[in-house]
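Here is a short briefing on helix packing, domain contact and chain contact. Please look over the structure first.

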Amino acid sequence: MPKKEAGETEGEEPQESFSTISRRKFLKDAGLVAGGASMAGAAPIAAGVSGQTGAKPAAVPPETAATGSPKIRLTVNGAEYDVLVDPEESLHTCLRERLGFLSIKDMCLGHGACGSCTVIMDGRPILSCLTLAIECDGKKIQTAEGIALSKHPLIETYIMNHCMQCGYCTPGFICTSKSLLDRNPDPAEADIRDALAGNLCRCATYIRHIPAVQQAARALKEGM
Amino acid sequence: MPVYTTLDSYNAIGKRGLRKKDGYEKASGTGLYTRDVYLPGMLYSKMYLCPHPHARIKSLDTKAVEAYPGVKAVFRYDDKWLKDNKWRNFTMWVFSHQTEQLLAEEANWAGEPAGFAVCADTPRICDEALKLAKIEWEILPFELDPEKAVAPNAVILQPHVDPKTNVRHSGSRLFEGYEVHGDVEKGFAESDKIIEFRWSEDETTVAGVEALSCVAAFRGEHLEVWAHNQIPLRTTNILKQYFGNHLHIHVHSLYQGAQFGHENWIVYYTWFPIMACIFAQRTQKPVKLLYDESYFHAGGYEHGAHNFKVGFKKDGTIMAVQDTSVRASAEVHGKLWEGTSIPNLFGTTQIPYINRPAAINYRHGMRSCGVWNNVFFRVAAETGLDPHDVAMKNDGCRGLAMSWVDENVKRPKGFPMVNSLEAVFKAGKEAFGWDEKYHAPGARVLPNGKLHGVGMVHCVAWSPDPNGYFQPNQMGINIQRTTPLVRILARHADGGWNHESTICRVVADELGVKYEDIEFRPFDDTGLDTPAGEGSTGLVRTLPMAIDVARKVRALILAQCTTPTKSGTEPKVVEVPAQFPGLKPEDLDIKEGIVFEKARPENRKTLQQVANYSWQNYPPFIAVSGRQMYHDEVYYMGRQATWVEVEVDTETGEIEIKTVVNSNDVGKCIDPEGVNGQQYGGTYMGLSHGRQDAKVYDPATGVLLNDNLVDYKWFSFNDITGPMNQCIIESGLGYGPYGAIGIGESLGAVTATLLAGAVYNATGKWITDFPITPDKVLKALGKI
């Protein structure tokens, strides 16, 4: 299993972790190098991206962890990350802004009301905005990016059933639905409604998620 | 000949099961939104928000803010930049009561960005620094209620504008807010019965999704901006105005967390990016401006109250409608005029200053449709007629009967001789089972003790004005020598309508290529714009251009295939034969990306072979179009209707929404799944407005109390518990391409007031103070 440090860039000498340096040092260094993003290095940056073309998940931590902050180990989509986090830091901030998993959205801005920040942690869908990062040491996490990379049939059934319009909430739905299928390989409509009741979609694509989840369930049964 | 473009056959157009072009990025979370843009060395910016509903700055001390570690710049309301750039307050188009400002000195609503903004290393430092300013406010009187603001004894809120009244006047017809057709007094005199009633709606908001942000970066003589809005071209133009024409300004428009229309956000296309650019210019760093509170402080519906007077005959013929209203934004009574034979209409609106955020509407708004719904269902209730019969009786355009429209519009202009409302009703009523479910008001109690009710609303299906709009509308198509075969060139804001896929469908059929072989990445500033959000139902405006440019490229290809050329330079010039020698363009056809001779289909080349043939001698296949549609006179002949079944709990006052059926005439269906998406999506949003969406203010302080998604709860999955069915009617009665009619706005708007009729049918009580919350139901039932 590949292991990555937040602050380590593949193919390069490990650099000092972004999270371990002080704000003063960061500010000093920021003037000398391209910026915090290249120091963070946990994922490619979106620097210079022109529109969407060539864009990659960005990891530019806007917050620096204080010196002496606790270090946690997360397994995200199969890869291990050691990362320093602030004690009050949410898992949402850690995953999105330190590690660059931008599928994790934040519609309700941290109120735990919308489900757009849902990730799967040790098999259960959780709201990452209401989960403290330091409580997640040693946890295995899956995000929509990872579900897509695993070729899970949900991605294709969501596309073909038009389960997204603006798409901002869709990764959260994907995580909740995937978790449902992990627990229940043959969900009825009521099961799907109950599972997805906490995910908000302002475009209101709700009813299309029913056939999408059921088609994915069939595909999984058929070994697709 | 029809007034619109047609094709002999349709392949990608109207076909189900095509893969959404934006689907993978959105499902996998790999698509980028403005909030997802992070640049090396990027700073962050936030604005101070006024805590009072109406207050003027007496003094502002930002020394502590400026000295706070990590703060890089502070921008104040009294900054010299504002004077140097002759900043003027930006009026929120013509519809709204409010004037927006770049960091107000006098704030007009609680939460308005005011006084100063800060730029710092992190968002957290911004938050901490914003608290350090010392601001002394002069507290001014405030008013939240439009009706109270126009009362004779009202406190004057903007005495420097008008010392006598809060009613705003601009001199424009819309602002004065009247609409007159025929003679209402004559209509009332000819009526068998006249009824009067009141209808009102509370302020709502689009609430949530992707809170506003903007990223700006100066790179030498280039200014690069990532803007969250529907009209990036307008952002470009405004930035040029304030930062100079010498700059090369590139505005990128990434995926957009739902906005549902540009009007409410128009101010954010102007000063919001300006703020990010000012900081980026001063710090020489990329800056991301964050406005987390935006979706609750802005982006709201209009709110207000109407007083109706309706005169009608016993047979359901409506003779006159009068509507006097007081609102926070303009009432447009046009829907009644555009889509009925009612000969006499009078509508007037007062728009006063109040101390709420600028509110216009999104997804069109409930306003015109609320008027429509109330009139028809009320008359049906008063006459004892079925609402469908009342609707059919009064169907028409511009006060004229549909029989007149048949002979004077449809027939001479080549429209199909079909009746849209009849077709819409036939499909929808049957799918809903109206005849079995409709009953006298309050007459059906269910075994679970709840009251059963059904409601129906119909309206014109609108593409408000298919003619050209405010901004240039341009698109290019390029045939590639590699894959993808066809690339569409245009910047186009993606608001979730799946316009990209729809445009690709049209180009595929017009050009003769496979849908899968077309790429449309609409995010970049290509110098060509298809401003999706520039006006309502933008696709009807955009598609004529896609058709035109596809046909131009097709003509280029066929001409080149049949024309010899020369290669090399003097003296070594050789003749290059045509790819299809001896043939004329009309001898060839293109299908599925293959150019072939009609008489001898085996004589064929792929488009890629054609594009690569002697490529050094031929220009690339590329064409650009700015064609838009123009019609001298537009009659709205398409119709739509929605049916709902509810159960009303007489103990709790709760309304459970069961079956919903939509029946929509879209003229010509180009993207069936996209149409369905607007049908059920709009219905969820509309019914949410009808039942529960409302901003709640503290009347004592004027502060918004439910500015988050916990306290402001819009519909989730199980707020509609029963089946939802969608019927699509294709009458060809639209002025758009192939006879298409827009659908993006109409469902959310029309269904918002649908519950009034359904609750009346269930309880026998009219509740027309929206949203219809449980307390209002219980009050109507005499329970509280």
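The axes of helix α6 (residues 170-183) of chain A and helix α8 (residues 209-221) of chain A cross at roughly 45 degrees and come within 11 Å. Axes are lines fitted to C-alpha atoms, for helices over the stretch in contact, and angles run from 0 to 180 degrees between N-to-C directions. Helices are DSSP runs of H or I, at least four residues, and strands are runs of E, at least two, numbered from the N terminus.

This is a predicted model: local features need pLDDT of at least 70, side-chain atom pairs count only at pLDDT 80 or more, and totals for chains, interfaces and linings use all residues. Residues are numbered from 1 along each chain as its sequence is written, and chains are lettered from A and ligands numbered from 1 in the order in which they are written.

**Helix pair**
- In α6(A), A:Phe173, A:Ser177, A:Leu180 and A:Leu181 meet residues of α8(A), including A:Val213 and A:Leu220 (contact: C-beta atoms, placed from the backbone, within 7 Å).

**Domains of chain A**
- The domain assignment, automatic or from a database, gives domain 1 (3-146) and domain 2 (151-221) of chain A.
- In chain A, 13 residues of domain 2 are in contact with 16 residues of domain 1.
- On the domain 1 side, β4(A) gives the most, with three residues.

**Chain contact**
- Chain A puts 55 residues into the contact and chain B 59 residues.
- α20(B) gives the most to the chain B side that touches chain A, with six residues.

Technical notes
Two residues are in contact if their C-beta atoms, placed from the backbone, lie within 7 Å.
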